[in-house]
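The exercises below are meant to be worked through with the model in view. Try each task before reading its solution.

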Amino acid sequence: MSENVSEVKQPQTINEEKQPKIVKNNAKTDETLTTTLEAVLTVCNTIQGLPILIIPYVFKTGGWWALLALLIIASFSSYTSIILVRSLYEVKNGVKLRVRQNYLDIGDAFWKGGGRMLVFVAMVIQLIFVSTMYPFIVGAMFNKSFPEANIPLWAWTLIGGLAFLPNSLLKDLSQVAWTGVVAMGCASIIFICLFIYCLMHFYKWDIDKMHNYQSLDFPNAIGILVACFFSQPFAPFIESTMKRPERFESAVKLSYFVMTSVIVFIGVVSHITFYPNSDNLLTNNLPSGIFRQTLNSIAAVLAFTSYTLPMFMLFEVVEKSHLTLSSIKKDTLSIYSFQTQVTRLTILFSTVIMAAFIPWFIYLLAFVGSFTGISLEFIFPALFHMKIYCAELKHIEFAIDVIIVFFGVLTMTISFIVSWVSLYACFTEDVC
């Protein structure tokens with residue numbers, strides 16, 4: 001068997017084919033692999049950071065349409081995460097083999113020679129822009145929490161950005177795992193405290209506030225939602241670390257159900273409480289004082305810890321692509337080499353600098369995400385799935401893939417046009 005085959009599935013009956021026994025053919029032991037619950041938490045961690053912090057912007061611009069868009073994007077994103085992992089496998093002589101390791105390999109199977117580069121470029125750009133949201137959020141929260149300090153927003157962003165630099169020393173997923181626990185804990189505290197505050201002000205609730213819709217801004221919010229549910233680059237890696245990879249599909253479905261429910265609940269309750277005076281950042285809607293400062297500090301920790309996973313994945317993609325001078329061998333400590341640290345710190349500084357000095361960053365994220373995010377999240381997984389399993393797909397599966405591709409292209413077109421108009425207005429009319 002070739003070295004790139006890491007798992008073998010040998011189905012014997014119909015029931016076993018649905019839940020096959022996995023025989024691992026790699027160096028990992030059961031002690032180093034993750035349980036299904038840990039996989040659920042990891043998937044939750046890939047989608048919990050941005051929505052909890054910036055969901056008011058989505059509902060402020062979309063109302064009921066935001067709720068509908070959120071449910072559609074979450075459903076499609078969950079499905080594409082599953083079919084992307086399915087595309088790691090091929091059936092040969094009745095045996096299901098894991099013949100690919102990551103998203104790049106799947107792209108190469110779709111288009112030999114060009115697919116890998118296409119996925120690489122899109123993934124690097126999208127991960128950089130998604131990561132940049134976190135120092136951007138930290139700067140905005142500190143600026144709103146301590147107005148008496150008279151420190152400009154860009155300076156707060158640079159100050160907060162210093163805390164992101166230790167990410168250059170990340171070596172493996174075990175160093176990232178604890179940040180997911182901290183992130184989930186911070187998100188839970190923020191959610192509970194905000195819900196209690198909104199419940200204490202239930203007299204402000206007005207369901208008619210959900211009828212607001214801003215036609216010029218809502219398509220930009222679509223780009224934000226796409227970034228919120230951007231779990232596809234992490235899916236193959238998460239599945240590869242599971243003791244029972246056949247349970248990955250169930251883990252994804254549970255994770256998306258839980259997190260989508262939380263995001264919908266937070267979005268609706270906060271919107272009907274704070275609108276029309278709602279801030280784009282969730283915790284900034286609280287009245288000034290120690291309560292908001294405390295929650296903003298917790299939200300800053302959430303941003304710091306949520307930043308680690310996409311940055312770690314970005315390092316993995318860049319360093320193991322063999323396209324840079326910083327390619328790392330697993331059996332060495334070359335992450336501490338000069339070339340590797342220069343590459344990593346350059347990436348880290350680029351996210352902080354963009355967050356600090358691009359006041360219209362949300363529009364830029366929507367513009368870039370209209371290509372890279374939508375392609376990676378919807379269009380690529382569906383196209384790759386149709387190509388790799390073209391002879392085995394059921395009619396309903398093929399139809400779903402076609403619908404997702406159509407949805408992705410339509411969303412990409414609308415988001416591109418509107419985000420370009422918004423960026424143009426920022427440059428020419430200073431309307432941001």
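## Exercise 1: The chain as a whole

Of the 432 residues of the protein chain, 56% count as buried. The model is predicted.

Task: State how many helices and strands the protein chain has, and what share of its contacts with a separation of 6 or more comes from residues 24 or more positions apart.

Solution. Begin with the elements: the protein chain has 15 helices and four strands. Next take the contacts with a separation of 6 or more: residues 24 or more positions apart account for 81% of them.

## Exercise 2: The largest nonpolar core

Task: Find which residues touch the most other members of the largest nonpolar core.

Solution. The core has 133 residues, and Leu50 and Phe229 touch the most other members. Helix α5 (residues 115-145) provides the largest share of this core, with 17 residues. Now look at Leu50, leaving aside its neighbours within four places in sequence: its contacts are Ile55, Val130, Met133, Tyr134, Ile137, Ala227 and Cys228.

## Exercise 3: Two aromatic pairs

Task: Classify the pair Phe195 and Phe265, then the pair Phe371 and Phe416, as stacked, tilted or edge-to-face.

Solution. The structure holds 27 aromatic pairs. In the pair of Phe195 and Phe265, the ring centres are 5.3 Å apart and the planes make an angle of 45 degrees, which is a tilted arrangement. Phe195 belongs to helix α7 (residues 173-200) and Phe265 to helix α10 (residues 248-274), so the pair links parts of the chain 70 residues apart. Phe195 has a relative accessible area of 28% and is partly exposed. Phe265, at 37%, is also partly exposed.

For Phe371 and Phe416, the centres are 5.2 Å apart and the planes lie at 65 degrees; planes over 60 degrees apart count as edge-to-face, so this pair is edge-to-face. Phe371 is in the loop between α13 (361-369) and α14 (372-388), while Phe416 is in helix α15 (residues 395-429), 45 residues apart. Phe371 is partly exposed at 38% relative accessibility, and Phe416 is partly exposed at 30%.

## Exercise 4: A cluster and charges over rings

Task: Identify which residues form one aromatic cluster with Phe110, and which charged end sits over the ring of Phe110.

Solution. Phe110 forms one aromatic cluster with Tyr103, Phe380 and Phe384. Over the ring of Phe110 sits the charged end of Lys387, 5.5 Å from the ring centre. Elsewhere, Lys96 lies over the face of Tyr89, at 5.6 Å from the ring centre.

## Exercise 5: The setting of Thr61

Task: Decide whether Thr61 is buried or exposed, and find which backbone oxygens its side chain reaches.

Solution. Locate Thr61 first: this residue lies in helix α2 (residues 36-62). Its relative accessible area is 2%; the limit for buried is under 20%, so Thr61 is buried. Then check the polar atoms. A polar atom of the Thr61 side chain lies 3.0 Å from the backbone oxygen of Tyr57. The backbone oxygen of Val58 is reached by the Thr61 side chain at 3.1 Å. Last, list the contacts, not counting residues up to four places away in sequence: Thr61 touches Asn212, Tyr213, Gln214, Asp217, Phe218 and Ala221.

Methods:
Residues are numbered from 1 along each chain as its sequence is written. This is a predicted model: local features need pLDDT of at least 70, side-chain atom pairs count only at pLDDT 80 or more; totals for chains, interfaces and linings use all residues. Side-chain values use heavy atoms; hydrogens and water are left out. Helices (H or I, at least four residues) and strands (E, at least two) are DSSP runs, numbered from the N terminus. Buried means under 20% relative accessible area, exposed over 50%, partly exposed in between (1.4 Å probe, protein chains only). Contact means heavy atoms within 4.5 Å. A nonpolar core is a set of buried Ala, Val, Leu, Ile, Met, Phe, Trp, Tyr and Cys residues joined through side-chain atoms within 4.5 Å. Rings of Phe, Tyr and Trp (its six-membered ring) pair if their centres lie within 6.5 Å; planes under 30 degrees apart count as stacked, over 60 as edge-to-face and the rest as tilted. A charge sits over a ring if NZ of Lys or CZ of Arg is within 6 Å of the ring centre and within 35 degrees of the ring normal. A polar contact is a pair of N or O atoms within 3.5 Å; within protein, one must be able to donate a hydrogen and the other to accept it, and residues adjacent in sequence count only if both atoms are side-chain atoms.
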